Amino acid sequence: MTFKPIQILYALLSVFIIMNVGLVLQGLIAKIGARVGRRYGMRIYQPYIDLFKNYSIRTSVYHGYMFFLGPVFRLTGGIGLFLFIPAIYGSPYFGNFSFAGDLVLISYFLFFGTLGMALGAGEGGHPYSGIGIARGLAQMTAAEVPLVLAIMALVVQYKTLSVTTMVAAQQGGVMHWTMVTNPVATIAAMLAFLGSMMRAPFNVVLAPQEIPIGPPTEYNSTLMAILQTNRAIFPLAKVVLFMNLFFGGATSWPELVVKGFFIYMWSVLVGVSFPRFRVDQSIRWFLKVPFAIGVLAILIVSLKG
Amino acid sequence: MEKLLNQLKAHYPLTDVIEQRPDLAFITIPRDRALDLVDHLKRHHGFTHLVILTAVDWIEDGKFQLTYLLNNPATMDDVGVRVMIDREGASMESIHHLWITAATYQRELKEMFGIDFPGSPRVDTPFILEGWKDLPPYRRDFDTKAYSERTFFPRPGRTTSDPATHMREKMYPTKGGGDNV
Amino acid sequence: MSNDLYNKTKYTLPDGQEVEIDPIREYFCEDRPEVVEPNRNIVERFFNWARAESLFILGFGTGCGAIEMRPLMTPRFDAYRFGIQWRPTPRQANLFIISGYLSVKTLKRVIRSYEQMQAPKFVIGLGSCTINGGMYWDSYNTINRLDHYLPVDVYVAGCMPRPEALLAGFEELKKRIKAGKGEGANIYARDFDWYKANQKQVITDWDMPDYNW
């Protein structure tokens, strides 16, 4: 695939679309969560208002360059992850830069934002942000283990590291999706997916009232708005990645939105049904059941091949 | 309880014994034997729980009354040991070696009544009032209303609607004054 | 500055290097707040609408009134449908509810939290205690008039007001913000000396910088 400058514009457009989808989805999910709790719930466009409000705050406090770079890194992590995945398979415009990256790069991007926040929050001068970061990173690392095992199983199965090739191999109906051809790896990855979506039962690291010592404590006004923007983009980028790896990818925007909604709903369903784990409990859980399933997936694939 | 009080009467110069309930008694003892008695109750009679340590300002007598309310968790009996100390230069021996929690009560008494407990941990650290310069506020000669009006910018236009005054003025105007209307 | 915590101190780092840290300069900012003149154009009107419809309350209950805020999160009252959320940190909040009586010790923390919030910020005084002292009007330790220490946007009278009254107070505040009257932060910056003098009259052991944002 050759690179054309017009692709930059299309990439920006796709980031814009994904941000809006993410914001609407955020409001919708908040509404669904509220209805499960028998509340009326916030307005669906509330995330937009919050975003505008935070961008309109007149004063701001900063604590040095690294403090600025924290949210920037985080947003870079979200956008970067999205740009190196083929958003729409087969589309010459919305394939983004997937030809240039592979699964190893994407795995790095999954972690990049949190590391950036670690640097930025450390600069914030908050005495406990280090603890908050350590808790968050520990849980994310534990959740990555089954995910990486599942991805390795996929790599063995498709004998490639390129996401585009994997999507290509899954075209032609539900029976070709990884979900059907390699269900064990899919289960392991979807359990790991719960851990990285920052919803219950794995959101103690983020729950503000329980841990007012977390990394975003010091972030205010525009910096907060950047983090909010990333909250819209990053989960959806992850959803698109999982869609590409396990659910046959998407060949059009409506297909992406519908599939993305259902994959997102998986974490919401679990989130509204189960209470929260403490961080140490969730780490133990990830290193038991999903880990074992991940190892099983690799064994099955290697024995087959 | 009866048996316990008789035993105590035999060994300690109790000046005043009130049996309020079958499981609650107040005993008054001179200051020099007070801590001895509290220690004795804790060691030999199972009064292991200090419920509260508080004070009353008897300004007319020039005395502070300290009350050590002790509880026996096994029999659910309570004994209040009362000590009268001089109001002038009020000071009392600390009991934080018996109950570490007593240090907090003593800190509060120091701040609110100005009763000193030499040797008690952090007794001079402000407890609730930070940087208090006036009289200790729980002393009865401290005029809290005047202090509030002097300090806190009272909002003008505040009227009282005390029920007794209201009834006297509005509902029974013909009967004249007096509190028994 | 009576507290030793705020004096310059020399520390030795693990690698043997000696550093001198001046906490006032390192951890606080002593600059006075500045008045940010609001525009009167359509963008500002839109922003005011966004500010009104997205109120982030600082989760700081100062008195008994805090108990009246909890039902607002429950299905019965559900303040979220009015765009009201709770935030754990003053950096992200823009609405401070002084919930009930305010003792002098708490006032000190309230001032620090208020100054850490980012403009534009709003204050709701909840309950009679914030208006004229309420039932604590002659107490030695609770302030009488909140508006002498912080610029108050809306008072909700009552002892205690029901959650419905609080919701009505939010609606009133929204009207004020949309009309461009929610300029409490600018008033605080303009009359800064008056507010500071009042605050220092009651907080006798002032051991923090004059403006710590």
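Q: How many residues of chain A are in contact with residues of chain C, and how many of chain C with chain A?
A: The model is predicted: local features need pLDDT of at least 70, side-chain atom pairs count only at pLDDT 80 or more, and totals for chains, interfaces and linings use all residues. Residues are numbered from 1 along each chain as its sequence is written, chains are lettered from A and ligands numbered from 1 in the order in which they are written, and side-chain values use heavy atoms, leaving out hydrogens and water. With contact taken as heavy atoms within 4.5 Å, the numbers are 31 residues of chain A and 33 residues of chain C.

Q: Which three residues supply 26% of the area that chain A buries against chain C?
A: Buried area is the accessible area (1.4 Å probe) that two parts lose on being put together, summed over both. Between chain A and chain C it is about 2,700 Å², and carbon and sulfur atoms give 57% of this. More of chain A's share comes from these three than from any other three residues: Arg39(A), Lys53(A) and Arg58(A).

Q: How far apart are the closest N and O atoms of Arg58(A) and Glu44(C)?
A: A salt bridge is a side-chain nitrogen of Lys or Arg within 4 Å of a carboxyl oxygen of Asp or Glu. Across the interface of chain A and chain C, five are found. Arg58(A) forms one with Glu44(C), and the closest N and O atoms are separated by 2.7 Å.

Q: Is the aromatic pair of Phe202(A) and Phe277(A) stacked, edge-to-face or tilted?
A: Rings of Phe, Tyr and Trp (its six-membered ring) pair if their centres lie within 6.5 Å; planes under 30 degrees apart count as stacked, over 60 as edge-to-face and the rest as tilted. The whole structure holds 35 aromatic pairs over all chains. In this one the centres are 5.6 Å apart and the planes stand at 50 degrees, so the pair is tilted.

Q: Is Phe202(A) buried or partly exposed?
A: Buried means under 20% relative accessible area, exposed over 50%, and partly exposed in between (1.4 Å probe, protein chains only). Phe277(A) has 26% and is therefore partly exposed. Phe202(A) has a relative accessible area of 2%, so Phe202(A) is buried.

Q: Over the ring of which residue does the charged end of Lys121(C) sit?
A: A charge sits over a ring if NZ of Lys or CZ of Arg is within 6 Å of the ring centre and within 35 degrees of the ring normal. The charged end of Lys121(C) is 4.4 Å from the centre of the ring of Tyr114(C).
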